[in-house]
2 protein chains.
Amino acid sequence: MSSEVESLGARAPKRARGKQRVAELLEAAADVFAERGFEAATMTEIAARADAPIGSLYQFFPSKEALADTLLENYARLIADDLQELERRAAGIEIDALVEILFKLLRSRPRERAAALPLAAARMDEGTRRSTFRHMMRRHIAAILRARQPSLTADAARDMSIVLLQLVKAVSSLTDEEGLAGRQTALREMKSLAVHYLRISLSASSR
Amino acid sequence: MSSEVESLGARAPKRARGKQRVAELLEAAADVFAERGFEAATMTEIAARADAPIGSLYQFFPSKEALADTLLENYARLIADDLQELERRAAGIEIDALVEILFKLLRSRPRERAAALPLAAARMDEGTRRSTFRHMMRRHIAAILRARQPSLTADAARDMSIVLLQLVKAVSSLTDEEGLAGRQTALREMKSLAVHYLRISLSASSR
DNA sequence: AGGTAATATGAGGGTACGCTCATATAATTA
DNA sequence: TAATTATATGAGCGTACCCTCATATTACCT
C-alpha cells in the first residue's frame with residue numbers, strides 16, 4: 001500500500017525484505033495512529049499489528065516521532081502531487097466540476113488521511129517547521145484558483161483557499177461519521193455551497 | 001471561573017474551601033487539556049498548575065477520565081442552557097441576526113470550549129452514552145430552526161442543523177488560528193455563506 | 001473543649017511506555 | 001568459501017504516568 005520510504009529515519013531499508021517490512025510497518029502505524037491518535041498509539045501495538053518484533057520497528061524508525069513524521073510526509077507528498085497535476089488542467093474546467101474533483105481528491109486515500117489528520121494536529125508546532133501541512137494545502141488550492149482565473153490577486157486567492165479548505169474539511173468529517181441520517185443531504189448541500197461561493201467570488205474578481 | 005461541581009465524582013466538596021479548590025482544579029485542567037489534549041495531559045501538571053498537591057486532585061476527582069467528563073458536562077450544560085434560551089426567542093429574529101447570535105454563542109467561553117472540543121473527540125465512544133455532545137448540539141439547533149419556522153419538517157431541520165454546525169465548526173477553527181492573514185475576510189464570507197444557505201433552505205421549505 | 005467530618009499532603013506502588021542492545025540469522029559480495 | 005553487510009529478535013532498562021494511602025491539619029458542631 002504505502003511504497004514510500006522515510007527520509008530522516010536512522011537506517012533506510014536496502015534490501016527487498018527490508019522494504020517490505022517498512023511497508024508493513026507503515027501500514028500498521030497508519031491504522032493505529034488513525035484509531036488512537038498520536039499520544040495514545042503505542043509502538044508495541046504498531047509492531048504487533050505488523051506481526052513484527054519491536055526491535056524491527058526501531059531498526060527502521062528511530063522514534064515514534066520519526067515514524068509519525070514519515071507517515072505525514074508521505075501523505076503530504078501524495079496529495080501535493082495530485083494537486084499540482086490538477087493545477088495544470090485547471091484552466092479548462094468548469095467550476096462545479098472543479099469542486100467535484102477537488103472534494104474527491106482531498107477525500108481520497110481515506111486510510112492514510114485518517115492517520116495524517118490527527119498527526120498533523122498533534123505534531124503541528126515541532127521545531128522550526130513553518131511549512132505546515134495546512135499551509136501547503138492553502139498554497140496549492142490558491143495556485144489552482146489562479147490557474148483557473150488569472151485575474152485573481154494573490155490575496156484574493158489565498159482568502160478563497162482558506163474558505164474552500166474549511167468546506168472540504170467539513171465534508172470530510174461528515175463523510176467519516178458513520179450511520180448519520182441525513183448525511184447525503186448534508187454533503188450535497190455543502191458541495192453546492194462551495195460552488196455558489198466560488199461563482200460569486202470569481203465573478204466579483206473579474207470586474 | 002467555572003463554578004459548577006462534578007456529578008459523578010467520588011467526593012463532592014462540602015465546605016467553602018473545597019469548592020474553591022475544585023474551581024481552581026477545573027480551571028487548571030481546562031487549560032492543560034486544551035493545550036495538550038486528553039492523552040498528553042498529565043494529572044501531575046494539572047495539579048501543579050492549580051498549585052495543589054496531587055492528593056488534593058484525587059480527593060475530588062477519582063480519575064483522569066472523571067475529571068475530563070466533569071469538564072465536558074459542565075461545558076455542555078452551559079451551552080445547552082444558552083441554546084434553549086435562544087430557542088424561546090427564535091420566532092421573531094431575522095435570519096442574519098440569528099446566524100450572528102448563533103455563531104457568537106457557539107464561540108463563547110473560549111477557554112472551556114478549547115478544552116471541551118478535544119475531550120469530546122477523545123472520549124466520544126465511552127460506555128453506553130449515546131447522548132454525545134454533538135447530538136445534543138444538533139437537537140438544539142434543529143429545535144431553534146423549527147421555532148423560527150414551524151413549517152419545517154423534523155428531517156429537514158435535522159439536515160440543516162448538520163450543515164450549520166459544520167459551518168460553525170469551520171468558523172471556530174479559523175478563529176482559533178492566530179496570525180492568519182485573511183482570517184477576517186474568511187470569517188465574513190463563511191458567515192454570509194451560512195445566511196445564504198439558511199435563506200435558500202427555509203424558503204424552499206415554506207412552499 | 002472535645003469530637004467528628006472535611007480537607008491536605010506527598011512518598012511511593014504498580015504499570016506500561018519508549019527505546020536499547022547484545023546476539024543471532026540471512027543475504028550479498030569478493 | 002569467507003567476509004561483510006543487512007536484517008531479526010526480544011529481554012530488560014529507565015522513566016513517567018495514574019493513582020493509593022497513611023497521616024496530618026483544619027473547620028465545623030454541640
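Arg109(B) lies in the loop between helix H5 (95-106) and helix H6 (110-122) of chain B. Helices here are DSSP runs of H or I with at least four residues, strands are runs of E with at least two, and both are numbered from the N terminus. Phi of Arg109(B) is near 50°, a positive value in a residue other than glycine. With 18 C-beta neighbours inside 10 Å, Arg109(B) counts as partly exposed. The cut-offs are these: a residue is buried with 20 or more other C-beta atoms within 10 Å of its own, exposed with 12 or fewer, and partly exposed in between, with C-beta atoms placed from the backbone.

Chain A has its own Arg109. Arg109(A) is found in the loop between helix H5 (95-106) and helix H6 (110-122) of chain A. Its phi is near 50° and positive. Arg109(A) counts as partly exposed, with 18 C-beta neighbours inside 10 Å.

This is a predicted model, in which local features need pLDDT of at least 70 and side-chain atom pairs count only at pLDDT 80 or more, while totals for chains, interfaces and linings use all residues. Residues are numbered from 1 along each chain as its sequence is written, and chains are lettered from A and ligands numbered from 1 in the order in which they are written.

**How the two chains meet**

The contact takes 21 residues from chain A and 21 residues from chain B. Two residues are in contact if their C-beta atoms, placed from the backbone, lie within 7 Å. On the chain A side, helix H1 (16-40), helix H8 (154-176) and helix H9 (183-205) each supply at least two residues. H8(A) gives the largest share, nine residues. By class, this side of chain A divides into ten nonpolar, five polar and six charged residues. Ala, Val, Leu, Ile, Met, Phe, Trp, Tyr, Cys and Pro count as nonpolar, Asp, Glu, Lys and Arg as charged, and the others, Gly among them, as polar.

How are the copies related? Two copies of a chain are related by a rotation about an axis and a shift along it. Here, a rotation of 180° with 0.0 Å of shift along its axis superposes chain A on chain B (RMSD 0.1 Å). The two copies are thus related as by a two-fold rotation axis. In chain A, the C-alpha of Glu39(A) is nearest the axis, 3.0 Å from it. The superposition is by least squares on the C-alpha atoms of residues with pLDDT of at least 70 in both copies.

**Around the DNA**

A residue is near a strand if its C-beta atom, placed from the backbone, lies within 6 Å of it.

| DNA strand | Residues around it | Closest residues |
|---|---|---|
| C | 24 residues | Thr42(A), Ser63(A), Lys64(A), Gly18(B), Gly55(B) |
| D | 25 residues | Gly18(A), Gly55(A), Thr42(B), Ser63(B), Lys64(B) |

H3(B) gives the largest share of the surface near DNA strand C, four residues. Near DNA strand D, the largest share, four residues, comes from H3(A). The surface near DNA strand C has eight nonpolar, eight polar and eight charged residues. The surface near DNA strand D divides into nine nonpolar, eight polar and eight charged.

**A helix pair in chain B**

Helix H4 (residues 64-89) and helix H7 (residues 133-148) of chain B pack at an angle of about 5°, with their axes 9 Å apart. That makes H4(B) roughly parallel to H7(B). Angles under 35 degrees count as roughly parallel, over 145 as roughly antiparallel, 65 to 115 as roughly perpendicular and the rest as oblique. Axes are lines fitted to C-alpha atoms, for helices over the stretch in contact, and angles run from 0 to 180 degrees between N-to-C directions.
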